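Please read these points with the model open beside you.

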Amino acid sequence: MPRGVAIDGARQRMFAAAETVILRDGAGALRGRAVTAQAGVATGLLHAHFGDFDAFLEAYVVDRSFLLAGESAALAQGVAEDGRSVSDALADGLAALPRREAGALVRLLAARPDLVARAADTLGEEASGFAGVTGAVAERLTAERAAGRLAPGAAPAPLAYAVVAVLQRAWCEGLSEAHWRAILTAQLAGFTVPQS
């Protein structure tokens, strides 16, 4: 690529390239040259935008954490009024999250958990990594409990952590949506109140 040519959306292009590398080859294969080669840009572009590779990774985690927190905000909106079960309504919301981005992020954070704390310096602890998703699930479960669809003794915050942990594992292992939905349904079965 010629030097000095502006590339529209270079940051997002490199972030998407990083996801391709992670999902195809694993987080261990993620290097600056692998990202720039996948993005089809000069190696110096990563350094021009981010300074160094660690700063690139931090910016990637901030960007994708922010994306997931924003996308999961809809999970916290009210209670399903259409007759769906708590687990189905929650699973529908979780299935709407951008799977490619979430799958790559969870794999990267499994390999580099230090990046969560670094992203928290920018976003705050409530939004870094998968904390935004977990918070949205906890809010939804709190609303479901208030509506009488979740047992009064159910603890939304710990349940939310368990739900998101299942989803993270599903993304890491490439489990089908049907598989993780079945796990989620079983996980919440003892906490939901049958609706008449």
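In which helix does V166 lie? V166 lies in helix 9. Helices here are DSSP runs of H or I with at least four residues, strands are runs of E with at least two, and both are numbered from the N terminus.

1. Basis of the note. This is a predicted model, in which local features need pLDDT of at least 70, side-chain atom pairs count only at pLDDT 80 or more, and totals for chains, interfaces and linings use all residues. Residues are numbered from 1 along each chain as its sequence is written, and side-chain values use heavy atoms, with hydrogens and water left out.

2. V166 and its partners. Contact means heavy atoms within 4.5 Å. Not counting residues up to four places away in sequence, V166 touches I183 and Q187. V166 and R181 are 15 residues apart in sequence, and their C-alpha atoms are 9.6 Å apart in space.

3. E173, also in helix 9. E173 lies in helix 9. A residue is called buried under 20% relative accessible area, exposed over 50%, and partly exposed in between (1.4 Å probe, protein chains only). E173 counts as partly exposed because its relative accessibility is 45%. R107 is 66 residues from E173 along the chain, and the two C-alpha atoms are separated by 9.4 Å.

4. Helix 10. This helix covers residues 177–188, which makes 12 residues. From its first C-alpha to its last it reaches 16 Å, close to the 16 Å expected at 1.5 Å a residue. The expected span is 1.5 Å times one less than the number of residues.

5. Which residues of helix 10 are buried? They are W180, L184 and L188. These residues are on the same side of helix 10 because they cover an arc of only 65 degrees around the axis. The arc is that of the directions from the helix axis to the C-beta atoms. A178 and A186, on the other side of helix 10, are exposed. The buried residues of helix 10 pack against helix 5 (86–95), helix 6 (99–111) and helix 9 (156–173).

6. Helix 5. The packing of helix 5 can be read from its own side too. Its buried residues include V86, S87, A89, L90, A91 and L94. Helix 8, helix 9 and helix 10 are what the buried residues of helix 5 pack against.

7. Helix 8. The 16 residues of helix 8 (residues 131–146) should span 22 Å at 1.5 Å a residue, and the end C-alpha atoms are 22 Å apart, which agrees. Buried in helix 8 are G132, V133, T134, A136, V137, A138, R140, L141 and E144. The cover over these residues includes helix 4 (53–72), helix 5 and helix 9. Just after helix 8, G148 takes a positive phi of about 80 degrees.

8. T134 as an example from helix 8. T134 has its place in helix 8. Why does T134 count as buried? T134 counts as buried because its relative accessibility is 7%. Neighbours within four places in sequence aside, T134 is in contact with A160, Y161 and V164.

9. H47. This residue lies in helix 3 (residues 43–50). H47 has a relative accessible area of 43%, so it is partly exposed. Apart from neighbours within four places in sequence, H47 is in contact with D52 and F53. H47 and G32 are 15 residues apart in sequence and 8.8 Å apart in space, C-alpha to C-alpha.

10. A73. The loop between helix 4 and helix 5 holds A73. A73 is partly exposed, with a relative accessible area of 37%. A73 and Q38 are 35 residues apart along the chain, and their C-alpha atoms are separated by 31 Å.

11. The whole chain. How many helices and strands are there in the chain? There are 10 helices and 0 strands. Along its principal axes the C-alpha trace spans about 65 × 30 × 30 Å. Of the 196 residues, 42% count as buried. Among contacts between residues at least 6 apart in sequence, 73% join residues at least 24 apart.
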